[in-house]
Amino acid sequence: MTIVTTEPVSVSRRIEAPAAAIFAILADPARHPDLDGSRMLCEAVDPRPVGKAGDTFVMRMNNKFMGDYVMANYIAEFEQDRRISWEPELVEASREEDRELIGVKGAMRWSYELVPDGENATVVTEIYDCSGASEERQQMLRGGEVWRNGMKRSLESLERLSTAG
């Protein structure tokens, strides 16, 4: 069966924290391993926060299929306290069979949208869009559905991190 993705996968959660506090975590790559529901992020290579579209952050990653690898993430959208998105690009791979994907940019996008909901609450929506990926990659990712549970865990962690204090 061929999956051609036209709709992104999204998960939302209302968090009892102001958008600015939540956005500060999302814009700080050093915090991403703490909120990562996929459990694949190991560390930010350069832990400085991003501040605008066009910025880049690099993450060391690991999973049971690819082993160790490195992704550069290009900030595609940056609207302070409202929206941040990035497009990952594989830049290093430990397995030979993954090296053909090095340099493929723009095939996937991760986004977070923040909508204030009351005085100190925010509805956060995490979005994964793989509509630019090859049909083979979309099939492997089940149109992005493989990430849904991890996205739920990420938003749970984001709530914990943004309300700790």
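Colleague: Quick one. Are Phe57 and Trp86 buried or exposed?
Modeller: Both Phe57 and Trp86 are buried. Buried means under 20% relative accessible area, exposed means over 50%, and partly exposed is in between (1.4 Å probe, protein chains only). Keep in mind that this is a predicted model: local features need pLDDT of at least 70, side-chain atom pairs count only at pLDDT 80 or more, and totals for chains, interfaces and linings use all residues. Residues are numbered from 1 along each chain as its sequence is written, and side-chain values use heavy atoms, with hydrogens and water left out.

Colleague: How many aromatic pairs does a search of the whole structure find?
Modeller: The search finds six aromatic pairs. Rings of Phe, Tyr and Trp (its six-membered ring) pair if their centres lie within 6.5 Å. Planes under 30 degrees apart count as stacked, over 60 as edge-to-face and the rest as tilted.

Colleague: What kind of pair do Phe57 and Trp86 form?
Modeller: Phe57 and Trp86 form an edge-to-face pair, 5.3 Å centre to centre, with 80 degrees between the planes. This pair links distant parts of the chain. Phe57 is in strand β3 (residues 56-63) and Trp86 is in strand β5, 29 residues apart. Helices (H or I, at least four residues) and strands (E, at least two) are DSSP runs, numbered from the N terminus.

Colleague: And why is the pair of Trp86 and Tyr112 tilted?
Modeller: The ring centres of Trp86 and Tyr112 are 6.0 Å apart and the planes are at 35 degrees, so the pair counts as tilted. Trp86 in strand β5 and Tyr112 in strand β6 are 26 residues apart. Both are buried. Ring pairs link Phe57, Trp86 and Tyr112 into a cluster.

Colleague: New topic. Where does Arg83 lie?
Modeller: Arg83 lies in strand β5 (residues 83-93). Arg83 counts as buried because its relative accessibility is 19%. Leaving aside neighbours within four places in sequence, Arg83 has contacts (heavy atoms within 4.5 Å) that include Phe23, Glu77 and Tyr112.

Colleague: What about Leu101, where does that one lie?
Modeller: Leu101 lies in the loop between β5 and β6 (109-116). Leu101 is partly exposed, at 27% relative accessible area. Beyond its neighbours within four places in sequence, Leu101 is in contact with Leu90 and Arg137.

Colleague: Last one. Which residues are buried in helix α1?
Modeller: In α1 (residues 19-26), Ala19, Ile22, Phe23, Ile25 and Leu26 are buried. They cover an arc of only 155 degrees around the axis, so they are on the same side of α1. The arc is that of the directions from the helix axis to the C-beta atoms.
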